[in-house]
Amino acid sequence: MERYFNTEGCCRPSEHYMVKLTNRLEQIKQRYIDRGKYFIINRGRQYGKTTTLKALAVYLKPDYLVLPMDFQMISTQNFASEQAFATAFLKYMDELIPADNNSKNMFGVPKRQEGFSMDALFRWLSRFCGAAEKPVVLMIDEVDSASNNQVFLDFLSQLRGYYLNRDNRPIFHSVILAGVYDIKNLNLKLRPQSEHQYNSPWNIAAKFTIDMNFSACQIADMLEEYKRDRQISIDVDMASEEIFQYTSGYPYLVSAICKYLDEEIAAKKGCQKRAEGWTRKGIIDAVKLLLNENSPLFGSMIRNLDEYPELKQMLYAMLFQGKRVVYNPDHKIIELACMFGYVVHRNGDVQVANRIFETRLYNFFLSEEELASAMSNAAKLDSAQFISNGKLDMNRVLEKFVEDFTDIYGENDANFVEDYGRKFFLLYLKPIINGTGNYYIEAQTRDSRRTDVIVDYLGERFVVEMKIWRGNEYHEKGERQLMEYLDYFHQKKGYLLSFNFNKKKKLGVKTMILGDKIIVEAVV
C-alpha cells in the first residue's frame, strides 16, 4: 500500500509519512522511564501524543512490561463509582497483560470483582508489580476524559500514595499520564464556570520538557522519504523551511499542509508534473485550504474561546492592540493558553504559537465584526477595482482605505484609532483578497506601535507595515526596518500605513525611493 500523510488518529510508519521518533523516544526513556519518573505529557489537541505513546510502548518492551491504557476505552458509567471504576480498570488490565506473563499467572485478575474498592484495586496492583519479571510501566492516554472528578481524584490519590511509598509497597516503576489538561487543571475542564481549586496535592509529576514540535530538519527528512517514494524532484530544503515557518512544527498542521500538497495541489498537476505542486506557491495554496477547513482542532479552539472569555480577551488584545503579555506561569489564563497549545513562551513574553493559529484567530475575530463593519462593507462595494489584470493593486487598496477610513472614522480621537485602526485595515483587506489570497501577521514585528502584514496573492507577495505615528525619528526608524524586512523577503517594493494623530498631517498616499527600495506610504 502506498504511504500517505495522515491527519486522522494515530500515525503508523508502515502506512504514513511521519517524522522519525527514535531520538524523542530515547530521550523519554533515558530521562524519565529509566529514572522511574511519574510524569504527564499534556499538549494541545492533535499534537502527536497518542502516536508518541504507541511508539514508546513498542520501544520499551525489551526492558519493561508496558501497560498502555486509554481512558476513552472506559465508559462514562464506569466513572460513576469507585467500585465500577476498579472493576473496569481490572478488566482492562487483564486484556493488556500477556497470557504467558508469570505475574499474571500468580496474581491474575480477581474473578469476583463486584464491590471491588479503590484501595483493594491498589493492593492487588502492588502484589502484581512486586511479582512482575520486569519493571511495570503504566501509560494512560486521554487521562482527562475522566467523566467523574471525584472518582478520578481518588484514583490519583491512591496512585500518589503508592508511588511515593514504592520502596516499601511495590507499584509501577514509571507512570505516564497523557492528555490536553494537566492534572492540576482538571477542575478547569470539568467545572469551567465554577470556583476552581487546583489539585496540587496529587500533582507529583516530573516536568516533561521534551519538545514535541517538528523541526525543519525533521520535516525535511520526512519529505525526502516522500520524494524517493514518488520519484519526483522537490526542493526539500525550501519546502520544509516554508512549512515550518507557517506551523512552527505543530504536528497536525505540518501533516495537514503536506496532505493538501500531495492529494489536492500536486495531484491536480498529474503524475508527470506532480513536483510543480511542491513550490512556494503550492504551499501558500495549501495553507489557504487549511485555514478554510472545519477541522476538530479549530473547532475546539473556537469552543474554548467561548468557554473561557478571559482567554478570548487576552488573545484579542495581543492581536489587535499589540498588547504585550509577560509570561507568568502562575496566571491561570496564560497557563491555560499554553496548555491548549495556542500560545508559547518566547523571550519572556506570551506569543501565539504559529502563523496558522494566529491567522485563524484573526479570521475568527474579524468575522465576528465583519457584517457590522462599515470598513468591510466599503471594501465589498466595488472590490473589482483592486484587481488589475488578475493582480492585486496594493496602491489602490491603500488609496481607497485612506479615503474610506477618513470618511467613516476621521472624527474619532487618537485612542480610538490606536486601539482599532489596524483592525479596520484587516477588515478592509480581508474581503478584497478573500478566496484568492492569504495574509498573516509577522509576529516578530508586532507590538503596540508597529505590525507587519504579509499578503500573498497569486504568487505575489506584499509587505505592508502598519504603525502608529510617534514622531519623525521613530518614523525614519520604521522606514529602515521596513527596508530590512523587504531584504529578508527579497522584495523591492514595500508599503507603509501610518496612523498619524498630528493635526498638521497630510493625508493621502505618496511614493518614495529609499536606496534601491520603493516605499508607498499611506497616511490616515
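Author: Lys-20 is exposed, with a relative accessible area of 51%; exposed means over 50%, buried under 20%, and partly exposed in between, with a 1.4 Å probe and protein chains only. The model is predicted, so local features need pLDDT of at least 70 and side-chain atom pairs count only at pLDDT 80 or more, while totals for chains, interfaces and linings use all residues. Residues are numbered from 1 along each chain as its sequence is written, and side-chain values use heavy atoms, with hydrogens and water left out.

The side chain of Lys-20 forms a salt bridge with that of Glu-225, at 2.9 Å from N to O. A salt bridge here is a side-chain nitrogen of Lys or Arg within 4 Å of a carboxyl oxygen of Asp or Glu. Glu-225 belongs to helix H8 and Lys-20 to the segment before H1, so the pair ties together parts that are 205 residues apart in sequence. Helices are DSSP runs of H or I with at least four residues, strands are runs of E with at least two, and both are numbered from the N terminus. In contrast to exposed Lys-20, Glu-225 is buried, with a relative accessible area of 14%.

Glu-225 also meets Arg-3 in a salt bridge, at 3.0 Å from N to O. This pair too links distant parts of the chain: Arg-3 is in the segment before helix H1 (22-33) and Glu-225 in helix H8 (residues 216-230), 222 residues apart. Both Arg-3 and Glu-225 are buried.

Lys-281 is partly exposed, with a relative accessible area of 41%. Returning to Glu-225, salt bridges that share partners join this residue with Arg-3, Lys-20 and Asp-229 into one network.

As for the whole chain, the count comes to 19 salt bridges. The chain has 19 helices and 14 strands, and 54% of its 524 residues count as buried. Among contacts (heavy atoms within 4.5 Å) between residues at least 6 apart in sequence, 70% join residues at least 24 apart.
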